[in-house]
Amino acid sequence: RQMCKETDGEKETGGYSISVKDVYLTQNALCFVTTLIGPGENETVAKAPSFPYIVVEVTKCDKNVVFE
């Protein structure tokens, strides 16, 4: 197994997350389609920077892993 991590850089507040919308395999890569989810309109969030990320565990393969 191998762990794959995707980050989306620094955000000004808390309340962000990343989700996987789709996964597909090409001849050369295992591709994850991700989306950044921001805080809800009326959601109370931390007033400190955050660094949203996602970690995905996959069966080890010889293909590149790509996050889109």
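In which strand is the place of Ala29? Ala29 has its place in strand β3, where strands (E, at least two residues) and helices (H or I, at least four) are DSSP runs, numbered from the N terminus. The model described here is predicted, so local features need pLDDT of at least 70 and side-chain atom pairs count only at pLDDT 80 or more, while totals for chains, interfaces and linings use all residues. Residues are numbered from 1 along each chain as its sequence is written, and side-chain values use heavy atoms, with hydrogens and water left out.

**Overall form**

The protein holds five strands and zero helices, and reading along the sequence gives the pattern β-β-β-β-β. Its radius of gyration is 14 Å, well over the 11 Å that the globule rule gives for 68 residues, so the protein is more spread out than a compact globule; the radius is taken over C-alpha atoms, and the rule is 2.2 Å times the number of residues to the power 0.38. Taken along the principal axes, the box filled by the C-alpha atoms is roughly 45 × 20 × 15 Å.

Of the 68 residues, 26% are buried, a word that here means under 20% relative accessible area, with exposed meaning over 50% and partly exposed in between (1.4 Å probe, protein chains only). The protein exposes about 4900 Å², of which carbon and sulfur atoms supply 47%; such areas come from the Shrake-Rupley method with a 1.4 Å probe, and for residues only the protein chains shown count as cover. Among contacts with a separation of 6 or more, 71% are between residues 24 or more positions apart, contact being defined as heavy atoms within 4.5 Å.

There are 7 positive and 10 negative side chains, and the centres of these two sets lie 6 Å apart. Lys and Arg count as positive and Asp and Glu as negative, whereas His and the chain ends are not counted; each charge is placed at NZ of Lys, CZ of Arg, CG of Asp or CD of Glu.

**Strand pairing**

Two strands are said to pair if DSSP finds at least two bridges between them. Strand β1 (residues 2–7) runs antiparallel to β4 and is joined to it by six bridges, with Gln2 having Val58 of β4 as its bridge partner.

| Residue | Relative accessible area | Class |
|---|---|---|
| Ala29 | 8% | buried |
| Tyr24 | 31% | partly exposed |
| Gly38 | 35% | partly exposed |
| Thr7 | 44% | partly exposed |

The contacts given below leave aside neighbours within four places in sequence. Ala29 is in contact with Tyr24, Lys63, Asn64 and Val66, and although Ala29 and Lys63 are 34 residues apart in sequence, their C-alpha atoms are 4.8 Å apart in space. Tyr24, for its part, is in contact with Ala29, Leu30, Cys31, Val33 and Glu68; Tyr24 and Val66 are 42 residues apart in sequence and 10.0 Å apart in space, C-alpha to C-alpha.

Thr7 lies in strand β1 and is in contact with Ile18, Pro52 and Tyr53.

Gly38 is found in the loop between β3 (29–37) and β4 (53–58), where it is in contact with Gly15 and Tyr16. Gly38 and Val23 are 15 residues apart in sequence, and their C-alpha atoms are 21 Å apart in space.
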